[in-house]
There are 2 protein chains.
Amino acid sequence: MTLKRATWQKTAVKEQLDLFGGFVSAQELHQKILATGKKLGLTTVYRALTELVLGGEADALNAEDGETKYRNCTPKHHHHLICRKCGNTREFELPDFEVETERIARSHGFKDVSHSIELFGICSKCGVAG
Amino acid sequence: MTLKRATWQKTAVKEQLDLFGGFVSAQELHQKILATGKKLGLTTVYRALTELVLGGEADALNAEDGETKYRNCTPKHHHHLICRKCGNTREFELPDFEVETERIARSHGFKDVSHSIELFGICSKCGVAG
DNA sequence: GTCATTGCAAACGCTTTGCATCTGT
DNA sequence: ACAGATGCAAAGCGTTTGCAATGAC
C-alpha cells in the first residue's frame, strides 16, 4: 500500500502552483521555489506535480514548446488564448461549450470526458510589429 | 536565398500524410513510408513535416503522450475525441464553435487565430471493462 | 557545377528512473 | 523502526543539429 506522507517539499510545490495561478512548467516552478530560499530537487517537483495531477488537484497541459505546463485546479473551468510570438496568455470561459462537449462525447458513447481547448493567435502588441 | 527543391522524399511524406487523413506522429509516418518500400531517414521526415507546417500545408498538435502529431491541412476543420485507454479516435465537427473562437480571439485583440480542441474520455468498449 | 537536401550519429531538452540516504509517522 | 520521500546522476525519449555525401536544378 502506498500511503502518502506530508513533506514541506510537496507543500511548497502546491503552494507555489496555487500562488502562480496560471500554467507553469515544472522547471519554472522549480526556479520559483528556489527563489523563495527553499532548496529542493527538480525531480521532487516533477513527482509532486504528478501526484497532484493524479489526485485531481492540478491540471496538466502539453504546450507548443514541448513542455508540460501545470496549473492549480480551479473550480471554474477556463481555457487559454496564447500568443504565438510573445507567449502571453489570456483566459476565457466557454460556458456553453462545456455542455456541448459533454453532449458530443455521449453521442459517441464516450464517458468520463475532459477537454483541452487552446486558442493560438497573434496578440495586439505583436500584431502591430509583425 | 533558400530556394526549395523537389525531392521524392518530401513528396512521399506529403503523400502519406495526405493518405493517412488524421493525426500521425513523425515516427509513425516514417514507419508507414518505410512500409511502402521507400527508404528514407527519420530526420528527413521531421524536416519535411516542419516545412509543410511552415508552408501552411499541415497542422501540428502536441498530444498527451508528448509526441507532436501532424495532419494534412483539410478544408473542413474537425476535431478529435480520443479514448484514454485504447487510444481510439473519432472525429467530430463544431461548426458553431469555429465562429465562436474567432469572436473570442478578436475580443481580446488577437488575430490570425488557430485552435486546438481535443476531447479525452473513455470509449464504450473500454467503459464496459473498466 | 552549385548549393539545397539527405542521412547518420551525436547533441539536446524535458522528463523519468535507480538507488542510497533521509525523514515523517 | 519502517516505509515512503528525497535528490543526485544517469537513462530514456522525441526531436534537432553538425557535417560529409548526394542529387536536383
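Contact, in these exercises, means heavy atoms within 4.5 Å. You're working with a predicted model, where local features need pLDDT of at least 70 and side-chain atom pairs count only at pLDDT 80 or more, while totals for chains, interfaces and linings use all residues. Residues are numbered from 1 along each chain as its sequence is written, chains are lettered from A and ligands numbered from 1 in the order in which they are written, and side-chain values use heavy atoms, leaving out hydrogens and water.

**Exercise 1. Find which residues of helix α2 of chain B are buried, and what covers them.**

Step 1. Helices are DSSP runs of H or I with at least four residues, strands are runs of E with at least two, and both are numbered from the N terminus. Buried means under 20% relative accessible area, exposed means over 50%, and partly exposed is in between (1.4 Å probe, protein chains only).

Step 2. Go through residues 26-35 of chain B: the buried ones are B:Ala26, B:Leu29, B:His30 and B:Ile33. They sit on the same side of α2(B), because their arc around the axis is only 105°. (The arc is that of the directions from the helix axis to the C-beta atoms.)

Step 3. Here's the general idea: an α-helix has 3.6 residues a turn, so residues three or four places apart point the same way.

Step 4. After the helix comes B:Gly37, with a positive phi near 100°.

**Exercise 2. Check the length of helix α1 of chain A, then describe its buried side.**

Step 1. The expected span is 1.5 Å times one less than the number of residues. Helix α1(A), residues 8-20, has 13 residues and reaches 18 Å from first C-alpha to last, close to the expected 18 Å.

Step 2. Its buried residues are A:Ala12, A:Val13, A:Gln16 and A:Leu17. They share one side of α1(A), because they cover an arc of only 125° around the axis.

Step 3. Those residues pack against β1 (24-25), α2 (26-35), α3 (42-54), β2 (58-62) and β3 (68-72) of chain A.

Step 4. What follows the helix? A:Gly21, and its phi is positive, near 85°.

**Exercise 3. Is A:Leu40 buried or exposed, and which residues does A:Leu40 touch?**

Step 1. Look in the loop between α2 and α3 of chain A, where A:Leu40 lies.

Step 2. A:Leu40 has a relative accessible area of 9%, so it counts as buried.

Step 3. Skipping neighbours within four places in sequence, its contacts are A:Trp8, A:Gln9, A:Val13, A:His30, A:Ile33, A:Leu34 and A:Val45.

Step 4. Take A:Gln9: it is 31 residues away from A:Leu40 along the chain, yet their C-alpha atoms are separated by 6.9 Å.

**Exercise 4. Sum up chain A.**

Step 1. Count the elements: five helices and six strands. Along the sequence they run α-β-α-α-β-β-β-β-α-β-α.

Step 2. Chain A has 130 residues, and 38% of them count as buried.
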